[in-house]
Amino acid sequence: GYGWTDYYDLDETNDYLRSLAEDYPDIVQLYVGGSSYEGRDILGVKLSYKDGNPKIFIESGIHAREWICPSLSTWILNQLLTSEDPDVRSIAENFDWYVFPSVNPDGYQYSHTTNRMWRKTLTPGTVCNGVDPNRNWDDHWNEGGASSNECSEIYAGTGPFSTVETASLAETIKELNPTVYFSFHSYSQLLMVPFGHRHETADNYYKLLEIGSKAAHSLSQRYGTQYVVGSIINAIYEATGGSMDWAKSKLNVPYTFEWELRDEGQYGFLLPAEQIIPTALETFDSIITILKEVSAAV
Ligand code: 0X9
Ligand code: ZN
């Protein structure tokens, strides 16, 4: 069955979500967040213990080859449902969680069957296929750190939301109007806040940095894993048309964080499966810290 000592493909991941909805019918519901070029659902779950909680949206696996992300997302769901730790119980029960382990389902499946290093969607082009789904959102689209060349790994697409994955997922996020937006990527050990655009600064930039620094400190306490905290442009590079920038600038989501998970390049995208659980444990420590801060503020 499904677990966290190995990586699993799209069907196995979605079957795990279905099993949660069956095993916890009062708490977990399947939630279709959008659709893909090849007609797959972007499948996720809503996990909720009571009405009226602030919402957390988890966007994971937008880049196909970043396999640690779907595994982390399902690990988090399992913790929220089974942990008896009071800190975990508190965040599990006082937020509504909308968790989408693999928001680029065609690409993820392709990375399992055909090309382990696939990053983009499978949206057809004339010469090369695939749009970078983290360059296709309607915020400063294709203004830097993105490409108009369809063969590029950072191809922005033919226009904002030109590919159905981002367009449909954005509609879902808009309807939900979350208080917290988390995005999971790998690799580089960074905890980032908006923006990836040169001339923009988040309205609550210093608050986000302060929370992010506390979170990175918590993360480091378990195994000593070091994260750099900063805005996208400062911590990594210029990148426009990204999902978190859209969530912050267009939806005004107050609390927005994006992780570049383990490692620093030793294995890179090919992070060994033995590192799934340690990565998940330390990352969850940072999430708990962020959500304690959010709980105190909202
Ligand atoms: O290039 C990216 O999309 C991200 N790095 S990755 O190696 N995972 O591909 C970082 C992008 C920064 N994030 C946003 N612009 N939202
Ligand atoms: Zn990525």
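**Exercise 1.** Determine what covers the buried residues of α1.

*Solution.* The model is predicted, with local features needing pLDDT of at least 70, side-chain atom pairs counting only at pLDDT 80 or more, and totals for chains, interfaces and linings using all residues. Residues are numbered from 1 along each chain as its sequence is written, while chains are lettered from A and ligands numbered from 1 in the order in which they are written.

Step 1. Call a residue buried if 20 or more other C-beta atoms, placed from the backbone, lie within 10 Å of its own, exposed if 12 or fewer, and partly exposed in between. In α1, Leu10, Thr13, Asn14, Leu17 and Leu20 are buried.

Step 2. Viewed down the axis of α1, these residues fall within an arc of 110° (directions from the helix axis to the C-beta atoms), so they line one face of the helix. The face turned away carries the exposed Asp11, Glu22 and Asp23.

Step 3. The cover includes β1 (28-35), β2 (41-47), α2 (68-82) and α4 (105-113).

**Exercise 2.** Describe the packing of α2 against α9 (residues 276-297).

*Solution.* Step 1. The angle is about 65° and the axes are 10 Å apart.

Step 1. List contacts (C-beta atoms, placed from the backbone, within 7 Å). Residues of α2 including Trp75 and Ile76 meet residues of α9, among them Thr283 and Phe284.

Conventions: Helix = DSSP H or I, 4+ residues; strand = E, 2+ residues; numbered from the N terminus. Contact = placed C-beta atoms within 7 Å. Axes fitted to C-alpha atoms, helices over the stretch in contact; angles between N-to-C directions.
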